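Visitor: Please pick one part of this model and look at it closely. I would like the cut-offs stated along the way.

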Amino acid sequence: MINSEPNLFVIINDGFRWQEVFRGADEHLINIPEFTPDPVSLRSLFLPDTKEERRRKLLPFLWDIVAKQGLLFGDRDMNSKVNSANLYSVSYSGYNEIFTGTTDIFIANNKKKYNKNINVLEWLHSKPSFKDKIAVFTSWDIFPYILNTRRNGLPINNGSGKVSDYYNKIKVIDKQGISHSEDTNYDMLTFVHAMNFIKLLQPRIVVIVFGEADVVAHKKRYDLYLHKA
């Protein structure tokens, strides 16, 4: 039976800049050898003539589907600003803001500490209509702390744990031990987990957080950054 209830998908690409979303690949960064060892092939892949063509080349689904059927915010060239309100330019404080709707001056780094703030997912998870209908899939291993799964029991897969431990109805690929970096798993494995889970159990709310773009950006590899996007 097909679920006819409204569903919510929250999909986040960590470390990805608004410039590439709305302008496409940056020719200046492509031409810096430190960031792009092979600029010739990258230019042929991502640098058509116009800004509109460039962003579509980089993010075809976003511009062919989402932009035409929905709304996009955050194009600062058009004075559409989506700003964070927290004081720190770190991921944990940003995710706390996203999922709680407020800031916390005591969250100033990415240390693995359980978040004392109640997030919207666990609030919904406590409601009968959403019980066992929420799932979180992330490439970053700090998410159980950000969402405080120890307190609320939210089903989450972040590479070290398995959502299938929570729902014994299904078995999916176990990502444990397969990682892109010390704390970030491959996004494709995060995606495979999420898709298998969605098809089999049809949750009402799904959060998917990709992290490889952020990892390679910290390594100053603009070429890999564009490919991950």
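Guide: Arg-151 is partly exposed, at 35% relative accessibility; here buried means under 20% relative accessible area, exposed over 50%, and partly exposed in between, with a 1.4 Å probe and protein chains only. The model is a predicted one, in which local features need pLDDT of at least 70 and side-chain atom pairs count only at pLDDT 80 or more, while totals for chains, interfaces and linings use all residues. Residues are numbered from 1 along each chain as its sequence is written, and side-chain values use heavy atoms, with hydrogens and water left out.

The side chain of Arg-151 meets that of Glu-122 in a salt bridge, 2.4 Å from N to O. A salt bridge here is a side-chain nitrogen of Lys or Arg within 4 Å of a carboxyl oxygen of Asp or Glu. Because Glu-122 sits in helix H7 (residues 120-125) and Arg-151 in helix H9 (residues 149-152), this pair ties together parts 29 residues apart in sequence. Helices are DSSP runs of H or I with at least four residues, strands are runs of E with at least two, and both are numbered from the N terminus. Glu-122 is buried, its relative accessible area being 10%.

The structure holds 11 salt bridges. One of them is between Asp-77 and Arg-23, with an N to O distance of 2.7 Å. This pair links distant parts of the chain, 54 residues apart: Arg-23 belongs to helix H1 (residues 18-23), and Asp-77 to the loop between helix H5 (60-69) and helix H6 (91-100). Asp-77 is partly exposed, with a relative accessible area of 39%, and Arg-23 counts as partly exposed at 34%.

A further salt bridge joins Glu-27 and Arg-54, whose closest N and O atoms are 3.6 Å apart. Glu-27 is in helix H2 (residues 27-30) and Arg-54 in helix H4 (residues 51-58), so parts of the chain 27 residues apart in sequence are tied together by the pair. Arg-54 is buried at 18% relative accessibility, whereas Glu-27 is partly exposed at 37%.

Glu-212, in helix H12 (residues 212-218), is buried, with 5% relative accessible area. A polar atom of the Glu-212 side chain lies 2.9 Å from the backbone nitrogen of Asp-187. A polar contact is a pair of N or O atoms within 3.5 Å; within protein, one must be able to donate a hydrogen and the other to accept it, and residues adjacent in sequence count only if both atoms are side-chain atoms.
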